[in-house]
Amino acid sequence: MTSLRSHICIVFGGRSGEHDVSIKSAETIIKHLKSERNSKYFEVSYIYLDKEGNWWPSNVASLALEKGFGLTKDELPRSEVLSGFYSIPEDTKGVDIWYPVLHGPNGEDGTIQGFFKMTGKPFVGSGVLGSALGMDKIAMKASFAAAGLPQVPYAFAESRDIETKNSTVQLIEYLEKKLGYPCFVKPSNLGSSVGISKAYTREELLKGLKLATHFDERIIIEQNVSARELECGVLGKTEMKASFVGEVRHQSDWYNYEAKYSDNLSSPIIPAPIGIKIANKIQEFSLSACKAINAYGMARVDFFYKEDTEEIFINEINTLPGFTSKSMYPMLWEATGLSLEDLVAQLV
């Protein structure tokens, strides 16, 4: 490595349900960091976190990238695999900058960010606080409310609220009165629509609550709103800027995991066919949302837009958005005039 090149270490995989999405995102980022122009400035290595949480060096990470999916225990170099973090691979000693490409719990919730901070080396994306607040939907919504950002009505619950018949009935009656049907049930800490369901009846609501508790002890329930789904990208720290606003149109009942990552089930429109006044307001809200939770570096902020009343509701913020071929964040910036090659370089 010459003195003019920075050693960037991509960390991907992880123990969350978005393991395979992380691999796809890492493929895109590595490809563009290794472009002819960027390779003059960056030397890239990688660490793969398997589904058990073990850290593997570049030679194993390359196998996961080639496969495009998570490696099984049989595909890993040794037969006895420990469970959980126990050491950093030797080839990370010369790292100048960490680049986390870890979606979901342990990857974008402040956990890995805290570890990177302890190494004394800088890293791409938000710090501990912004990552934690951006990942936890209940804490995030409380921060948005404190900042005066408009949101759809919501309520939250805990897994213990459905442990007994009496507490379950009380919770469901409360949710029916406060939110009505249909409503969305979500784990508080997860992404890519994993563990989320839409309930039209009491039976579906109960099923959705039980499903969500498999992923998190804390649950958020949101009132359904018939609206267009708009997204905006944010880039920068000292000076944050917002991308063009994009719209996601999908053929499914709602924008679920399958619609997000399957071909022909959703289509992005960038820029979104909305008035300049609404677009400016969404860009303004996006920057305000990042400031509200102390997110910086990169973020994708999602909104609901009721065209008949011109109401805008902030849905959520993603502090470590995907970089797959279906991901909106890089597409938003490309439409705004920033190529993927320039985007990953600017993030570093």
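Close-up 1. Helices (H or I, at least four residues) and strands (E, at least two) are DSSP runs numbered from the N terminus. The model is predicted, with local features needing pLDDT of at least 70 and side-chain atom pairs pLDDT 80 or more, whereas totals for chains, interfaces and linings use all residues. Residues are numbered from 1 along each chain as its sequence is written, and side-chain values use heavy atoms, leaving out hydrogens and water.

**Close-up 2. The contact of H4 with H5.** The axes of H4 and H5, which are lines fitted to C-alpha atoms over the stretch in contact, with angles from 0 to 180 degrees between N-to-C directions, come within 5 Å and cross at roughly 105 degrees. H4 is therefore roughly perpendicular to H5 (65 to 115 degrees). From H4, Leu 133, Gly 134 and Met 135 meet Lys 137, Ala 139, Met 140 and Ser 143 of H5.

**Close-up 3. Surroundings of Glu 341.** Glu 341 lies in helix H11 (residues 340-347) and, leaving aside residues up to four places away in sequence, touches His 32, Ser 35, Arg 37 and Asn 38. The side chains of Glu 341 and Ser 35 are joined by a polar contact of 2.5 Å (a pair of N or O atoms within 3.5 Å, one able to donate a hydrogen and the other to accept it within protein, and residues adjacent in sequence counting only if both atoms are side-chain atoms). Glu 341 and Glu 36, 305 residues apart in sequence, are 9.8 Å apart in space, C-alpha to C-alpha.

Key. Angles under 35 degrees count as roughly parallel, over 145 as roughly antiparallel, 65 to 115 as roughly perpendicular and the rest as oblique. Contact means heavy atoms within 4.5 Å.
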